[in-house]
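Subject: Structure handover

Hello,

Here is the structure I said I would pass on. My notes on what turned up in it follow below.

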Amino acid sequence: RKISNRLPLLIIAGTILILLSGVGMMIATRGVFDTFLWFRIKMILVLLVILNAILFGRRQNTKLNSLLVLEHPEDKLLTRIRKGLNRFHITQLVLFAIIFLLSTFKFN
């Protein structure tokens, strides 16, 4: 649990790095990629990944941490949180897969 509590710092650092690399790519190419539809869709999906992590992932993680403190958490709560975390991770995985496909198969 101590290690997983430090994980948000790595996630924030990775997110900042991804955003800076995108801005750097736009500066280096003088905005050439901005004219492509695949790039615009990809940027929207990257924002959805970030929003999903902030809005849903953080909430599920907070609930899980509060239950881990208890000695005997309720099974219903654990099941509900597990389903919420599964939904969150599947959504993130699907968004990342679509982003990867958009990066690989570029179209106009």
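A residue counts as buried when its relative accessible area is under 20%, as exposed when that area is over 50%, and as partly exposed in between. Leu45 has a relative accessibility of 11%, so it is buried. Please keep in mind throughout that this is a predicted model.

Leu45 sits in helix H2. Apart from neighbours within four places in sequence, Leu45 is in contact with Leu95, Ile98, Ile99 and Leu102. Leu45 and Leu95 are 50 residues apart along the chain, while their C-alpha atoms are separated by 6.5 Å.

Leu45 also belongs to the largest nonpolar core, which has nine residues: Phe33, Trp38, Phe39, Leu45, Val46, Val49, Leu95, Ile99 and Leu102. Two elements, helix H2 (37–69) and helix H3 (75–104), each give two or more residues to this core. The most come from H2, which supplies five.

Next, helix H2 itself. H2 is 33 residues long and spans 47 Å from its first C-alpha to its last, close to the 48 Å expected at 1.5 Å a residue. There is a bend of about 35° in H2 at Ala53. The buried residues of H2 are Trp38, Phe39, Lys42, Leu45, Val46, Val49, Asn52, Gly57, Gln60, Asn65 and Leu67.

Which residues does Asn52 touch, leaving aside its neighbours within four places in sequence? They are Gly57, Phe88, Thr91 and Gln92. Asn52 is placed in helix H2, and it counts as buried because its relative accessibility is 9%.

On aromatic rings: a pair is described by the distance of the centres and the angle of the planes. How many aromatic pairs does a search of the whole structure find? It finds two. In one, Phe36 and Trp38 have ring centres 6.2 Å apart and planes at 20°; the pair is stacked because planes under 30 degrees apart count as such. In the other, Trp38 and Phe39 are edge-to-face, at 5.8 Å centre to centre and 90° between the planes. Phe36, Trp38 and Phe39 thus make up one aromatic cluster.

Last, the loop between helix H1 (2–28) and H2, which holds Gly31. Is Gly31 buried, exposed or partly exposed? Its relative accessibility is 23%, so Gly31 counts as partly exposed. Gly31 and Leu17 are 14 residues apart along the chain, and their C-alpha atoms are separated by 19 Å.

Regards

Terms used
Residues numbered from 1 in each chain as written. Predicted model: local features only at pLDDT ≥ 70, side-chain atom pairs only at ≥ 80, totals over all residues. Heavy atoms only, no water. Core = buried A, V, L, I, M, F, W, Y, C linked by side-chain atoms within 4.5 Å. Buried < 20%, exposed > 50% of the residue type's maximum accessible area, 1.4 Å probe, protein only. Helix = DSSP H or I, 4+ residues; strand = E, 2+ residues; numbered from the N terminus. Contact = heavy atoms within 4.5 Å. Expected span 1.5 Å × (residues − 1). Bend = angle between axes of the 7 residues up to and from the residue. Phe/Tyr/Trp six-rings, centres within 6.5 Å; stacked < 30°, edge-to-face > 60°.
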